[in-house]
Amino acid sequence: MPEQQTGVVVIGAGWAGLAAAKELCDQNVDCCILEGRNRIGGRCWTDTGADGVTPLEWGAAWIHGIKKNPIYDIAKASGVKTKEADYEARTLWKDQPDGSCSQMSLKEADKMWGYLMNGKSGFKKYVEHKQDDVDNDWTLQKTVDAFLNKINATDEQRRFMRYICDAEFEQDMAASLDEISMFWFDSDGEFKGGDVTLANATDSGYSAVLKHYAKDILHCVHCQSKVTAIDYEHDDGVVVTYTTADGASHKIVASAVIVTVPLGVLKANVITFNPPLPSNKQLVIDRMGMGVLNKCMLLFDDDAELPWPADKEWIERIVTGEDPEKPQGLWTEIVCLRPEGGKRILCANTVGHIARKLEAKSNQEIQDSVMSELKTIFAPQDVPEPCQCVITKWGQDEFAYGSFSFNAIGAKHLYHRILNDPVDNKVFFAGEACSEKYFATTHGAYLTGIDAAKNAAKHCGSDKKGPAKLLQKIFG
Ligand SMILES: Cc1cc2nc3c(=O)[nH]c(=O)nc-3n(C[C@H](O)[C@H](O)[C@H](O)COP(=O)(O)OP(=O)(O)OC[C@H]3O[C@@H](n4cnc5c(N)ncnc54)[C@H](O)[C@@H]3O)c2cc1C
């Protein structure tokens, strides 16, 4: 249990919260982290629980862009090996009218992609033109439909465009086309230098990097401490209420608080703010999008005869679109991972409406549905039964209520900034959704954590150990 008073209470021990606490410690500001889960890392968690060896990333798996990316620098310093992503090591499969599935030539696919996306009358140019009309945002769905009508697209082109939308937009934003803002869908920044993954051996992955990064501040982290209320009506500080695993309720006073809980948790009103948050911030919380990306990870024994194409890491698939039970996006992107010394993993993703709907199903039903898609792709070859299956349900996770934020229809880009704005210079905000440039990423979360800590430290003034008068008032 933390003391009853500290300089700054940080809520959440994901990248944002850990970065904030580390910065506060560096500035000699007393702080503690209240974390609801029984572990650090939040939406970054590498679990080897399935067999005790094979690292499985439940949340983030990639470091996006390694040049000048602080997370990559931290990963390097931690000694965890990284592996370059090879997006070219892919095959594309296409469902045929007779129910079979065959490989499509990548040359043919690239040509179609180039025509639909990059040409003079391609989708990118069409969107640029539409984006001139700042006051008239459309969903990406409406934009794509209008584009296809404008170019008099054939059925084949429409089908291919549906696949592009799945692979290029929906998987990226963890949202469905009819939720995404056309105006803001492509407005985030990125680091250059290609992407890498981390989960290559036992004791690897994002969790190993986090463990190394947080080793000096672990004494500040109090797990199984779920924050339920933040009272900031007092002149000299805040009172934070939280419950521990035994159900007991506690209070702690501080000069400031840094809230790093996911946007999904803010949307669900898990934390009561007193006074309520300013109306512009509440509006932003309501309107911003929280996407859902779920993974179904199938583990196969080394000697299992998996009919996966040699040297390929990705399989993408274009469905016919005629069967409402098998829409584009239902396990149409599958990655093959081969950690050293671990089992082979096939990781299938779903996003948006499909992901949310599937969360209502049992794990066995979800596993069966992935296996059925794999069997269709590889028929007549047989697909062996996996020895284990791990399924995420981020939409139901009470400490996330979603996977990461996206720019939803009705939201504006500056909403990230409004979410990030402090309230009364006592309640500071950080986390991926607060990052205007790098939302939905680990580096975005990290950078907002550092900024919030610098700001909070400045406003603590001489109360770096907490507000003495408020302590007296609350605890007597
Ligand atoms: C499936 C998936 C795939 C992803 N893939 C990538 C990727 O490849 N690359 C990438 O860069 N990013 C990826 N992301 C996004 C990335 O994981 C997040 O942007 C980042 O981890 C968010 O960090 P954070 O500190 O903002 O939030 P979190 O990590 O969610 O930390 C917030 C913390 O607050 C805690 N909390 C919540 N409510 C309370 C409460 N009431 N009281 C106390 N504590 C509370 C949570 O338990 C959590 O630990 C992915 C995310 C998911 C889910």
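Analyst: A nonpolar core is a set of buried Ala, Val, Leu, Ile, Met, Phe, Trp, Tyr and Cys residues joined through C-beta atoms within 7 Å. A residue is buried if 20 or more other C-beta atoms, placed from the backbone, lie within 10 Å of its own. This is a predicted model, in which local features need pLDDT of at least 70, side-chain atom pairs count only at pLDDT 80 or more, and totals for chains, interfaces and linings use all residues. Residues are numbered from 1 along each chain as its sequence is written.

User: How many residues does the largest nonpolar core have?
Analyst: Val8, Val240, Val257 and Ile258 have the most contacts inside this core. Helix H13 gives the most to it, with eight residues; helices (H or I, at least four residues) are DSSP runs, numbered from the N terminus. The core has 140 residues.

User: Which element gives the most to the shell around the ligand?
Analyst: The ligand is surrounded by 40 residues, each with its C-beta atom, placed from the backbone, within 6 Å of it. Among the elements that give two or more residues are helix H1 (15–26) and helix H13 (442–460). The most, three residues, come from H1.

User: Is helix H7 largely enclosed or open?
Analyst: Among the buried residues of H7 are Tyr206, Val209 and Tyr213. Seven of the nine residues of H7 (residues 205–213) are buried, so the rest of the structure leaves this helix largely enclosed.

Methods. Buried ≥ 20, exposed ≤ 12 C-beta atoms within 10 Å, placed from the backbone.
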